[in-house]
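Hi,

Here is the structure I said I would pass on.

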Amino acid sequence: TWPAAEPAPSGPERLELPTFELNHAQLCPALSPDGMHLFLGGSFPHTWNTAVTGDLDVFESASEAGAWSVPTRVDSLSAENQHACPMSVTDDGCELTLRQFDIPFAGNTFFLARRTPPSR
């Protein structure tokens, strides 16, 4: 963090997402505060079909030596009947906000996913 009166320490840089292939959707990247985990909405292994409900799932990728690991689907955050996109992760990494939606757009449903903090 930095004082509001001071400019940001640097301009934005392109975020290189873990790749599925061009025909798979990648939406809504949400980076954990420690920069070690990236959550994103993705259609892997299927090509995203906006007419199919639940075709966009939540994936997690870990930082590995300057690159992202192969994304893995997070079953507990994905939905069978709606598309799902992560939105943000709290400072302690224990809460994630999640958006579920349909296309054509019929509204949003928002969720708060919680996990138990790791033992120290």
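Predicted model: local features only at pLDDT ≥ 70, side-chain atom pairs only at ≥ 80, totals over all residues.

Residues are numbered from 1 along each chain as its sequence is written, and side-chain values use heavy atoms, with hydrogens and water left out.

The chain has eight strands and zero helices (strands are DSSP runs of E, at least two residues; helices are runs of H or I, at least four; both are numbered from the N terminus). Of its 120 residues, 30% are buried (under 20% relative accessible area with a 1.4 Å probe, protein chains only; exposed is over 50%, and partly exposed is in between). About 8000 Å² of the chain is accessible surface, and carbon and sulfur atoms hold 55% of that (Shrake-Rupley method, 1.4 Å probe; for residues, only the protein chains shown count as cover).

Now the cysteines. There is one disulfide (a pair of cysteine sulfur atoms within 2.5 Å), and it links Cys 28 with Cys 85 at an S to S distance of 2.1 Å. Cys 28 sits in strand S1 (residues 26–31) and Cys 85 in strand S6 (residues 83–89), so the bond ties together parts that are 57 residues apart in sequence. The link of Cys 28 and Cys 85 is right-handed, with 75° about the S-S bond.

As for cover, Cys 85 is buried at 1% relative accessibility, whereas Cys 28 is partly exposed at 25%. Cys 94 is buried too, at 7%.

Cheers
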